[in-house]
Structures are given as C-alpha cells and as structure tokens.
Amino acid sequence: MGLVAPYADGDTVRRVTITDLLDAKTRSEHWPMLTAYDATTARIFDEAGIPVLLVGDSAAMVVFGFDSTIPITVDHLLPLVQAVVRSSKRAMVVADLPFGTYQESPEQALNTAITFIKDGHAHAVKIEGGEHVLPQIQALVAAGIPVMGHLGLTPQSINQLGGYKVQGRGEDGEKLIRDAIALEKAGAFAIVLEVIPAELAARVRDAVSIPLIGIGAGNSTDGQVLVWQDLVGLTVGRTPKFVKKYAEVGDAIRSAVAQWSEDVVSGAYPSDSNSYH
Ligand code: KIV
C-alpha cells in the first residue's frame, strides 16, 4: 500500500513509521505532509490519508497570533501536540522544537524532545538548523528519538536571514548541501527544505539518501509540506508564491457567519425546526 491511505471511521489502521517513509523513497513515491494544530483538522487530515502531520511552530502565527515563530513555547505547543495525537490514528505526528528550547546544549534539546515524546506522545521531533545543531541531533537520536531536520528558510532565524526570502543561492547553496549531508550522518530520518531554488533541492536529493520534504523547493523532493491554512484560503494577507490555494474556506466561513448573524438579528434563527418542544 502507498503512503497516502485514506480510511473510514471504524477501520483498523496502524501508525506510519520512519521505515514506511524510507520504503516510500525506494518506491520513488511522492507524499504530502500537513501542519495540524487541533483535534478537528487532525482527524480530517488523518482520515484523508495524510501520512505525516507536523505540529509546527507556525502555530505561533496561525493559532496564537504572534508575528513570527520566535515567541512560541513548549507550554503553547504541548497541548496542541497532544490533541493532534489523540485525534489521529494513522499519521506520524512530528512536534517542532520551539526557538530557545534546544540551541543551548544537547541536554536542553533532549529535555525538550523528551517532553514532546513522553508527555505529548509525538512520534518524532523537528529541529531547525545545520551544522551547529549536530550535537543536539546526535543526542536525540542516541536517546531513540526520530529527528526531522529543517534547512533553507528557517523561520526561527528570521532576524538573521533578514526576511522571508529565498535561501541557498550561490555559495550558500554549497553550505546547504554540506549541512544536509551532515544532518543525515548525525542520524536525521528526513529533512525539510524550505524556500530554496528547485535546482538546489535536486542537488540535495542526489547528495543524501533520506527523504526530503519541500516547501517552496520545487518538485524533486519526496514529500511536500504546507501550512494547512495556506492551502485552503484561510491565511490573512499575501500568500507566498509556493502556495497553491485549493479552496476559499475563509470566504465560506465569512459568508456563513454573516448569514447566521443576519438571521439572529432578524429572528429567522432559531426556527421552529431548531427548537425543542
Ligand atoms: O512550523 C511549520 O509549520 C514548519 C513547516 C512550514 C515546515 O516548519
């Protein structure tokens, strides 16, 4: 069976594992990963067969209303991870390590990751960065925690990168390839490549053998990830070029709420059929 496997309520399913992702790579299969932050969407995405759900630190912006991912904490993210795990049966759930909860030392990274695995019941963690986080990745892998790497536009470094722009052009591309090789050697089971030239992503694919998951990295990666609100038209303001909108859910909600509000004001809601007798 392929990695994408929709199921119906009541079906018996098992969790996707990192071995399943490696097997999919040997079959040259492409697969989707989506962010999820709550029980309702986790259930829908899981039933749709999305094999990997990421409880991303993008929750800082789309759930908590911060203007970057930097302020989010373990206390913010942990209940979201728990909700997504509780409401899914098949997807591997990956928890993002928030800014400032792993950079200090491998011990700090291990403490944070253990919290997400033990208390959050996540199946893997994601960590941003290249060579400078290798000791952290090695410590987590040694403790039996699957680690997903994240290179390219790493939003936790936005102040250093100077904005949300394409990464890895010119010499930076060579460094990114070296980082990807180093992450694989350190034991990462997959790497997210965010907003880099498609040609560079193809070179990374040739340089490593673990699954790559792209977001704004062209179509040569094994997986593609999006923030789900971007995919369905719920994002406020301009969406980046790599986003393709598959629905206008924001408009649908706005018009439903406006209609309901009008009906309340006019007395049309609740009608007799919405009332108990
Ligand atoms: O936090 C997040 O949502 C992410 C993805 C965009 C890869 O890191």
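**Note on the predicted model**

1. Arg-203 lies in helix H9. Helices are DSSP runs of H or I with at least four residues, strands are E runs of at least two, and both are numbered from the N terminus. The model is a predicted one, in which local features need pLDDT of at least 70 and side-chain atom pairs count only at pLDDT 80 or more, while totals for chains, interfaces and linings use all residues. Residues are numbered from 1 along each chain as its sequence is written, and side-chain values use heavy atoms, with hydrogens and water left out.

2. With a relative accessible area of 40%, Arg-203 is partly exposed. The classes are buried (under 20% relative accessible area), exposed (over 50%) and partly exposed (in between), with a 1.4 Å probe and protein chains only. Not counting residues up to four places away in sequence, Arg-203 touches Glu-174 and Ile-177; a contact means heavy atoms within 4.5 Å. Ser-220 is 17 residues from Arg-203 in sequence, and the C-alpha atoms of the two are 9.4 Å apart.

3. Overall fold. The protein chain holds 11 helices and eight strands. Its radius of gyration is 20 Å, which agrees with the value near 19 Å that a compact globule of 277 residues would have. That radius is taken over C-alpha atoms, and the globule rule is 2.2 Å times the number of residues to the power 0.38. Along the principal axes, the C-alpha trace spans about 70 × 40 × 35 Å. Of the contacts between residues at least 6 apart in sequence, 60% join residues at least 24 apart.

4. Of the 277 residues, 48% count as buried. The accessible surface of the protein chain is about 13,500 Å², and carbon and sulfur atoms account for 56% of that area; the areas come from the Shrake-Rupley method with a 1.4 Å probe, and for residues only the protein chains shown count as cover. There are 22 positive and 32 negative side chains, with the centres of the two sets 5 Å apart. Lys and Arg count as positive, Asp and Glu as negative, and His and the chain ends are not counted. Each charge is placed at NZ of Lys, CZ of Arg, CG of Asp or CD of Glu.

5. Core. The largest nonpolar core contains 77 residues, and Met-33, Leu-53, Phe-116 and Leu-193 have the most contacts inside it. Helix H4 (residues 74-86) contributes the largest share of this core, seven residues. Such a core is a set of buried Ala, Val, Leu, Ile, Met, Phe, Trp, Tyr and Cys residues joined through side-chain atoms within 4.5 Å. Neighbours within four places aside, the contacts of Leu-193 include Leu-151, Leu-176, Val-204, Leu-212 and Ile-215.

6. Val-195. This residue sits in the loop between strand E6 (190-194) and helix H9 (198-207). Val-195 is buried, at 12% relative accessible area, and has a positive phi of about 45° although it is not a glycine. Leaving aside neighbours within four places in sequence, its contacts are Leu-153, Lys-165, Val-166, Gln-167, Ile-215, Gly-216 and Phe-242. Val-264, 69 residues away along the chain, has its C-alpha atom 45 Å from that of Val-195.

7. Ser-58 and Val-62. Ser-58 is in the loop between strand E2 (52-55) and helix H3 (59-62), whereas Val-62 is found in helix H3. Ser-58 counts as buried because its relative accessibility is 13%, while Val-62 is partly exposed at 35%. Beyond four places in sequence, Ser-58 touches Thr-35, Tyr-37, Thr-69 and Val-227, and Val-62 is in contact with Tyr-37, Val-227 and Gln-229. Ser-58 and Ala-124, 66 residues apart along the chain, are separated by 17 Å between C-alpha atoms.

8. Backbone points to check. Tyr-269 and Pro-270 are joined by a cis peptide bond, with omega about 0°; Pro-270 is in the segment after helix H11 (249-266). His-121 is not a glycine, yet has a positive phi of about 65°. That residue lies in the loop between helix H5 (106-119) and strand E4 (124-128).
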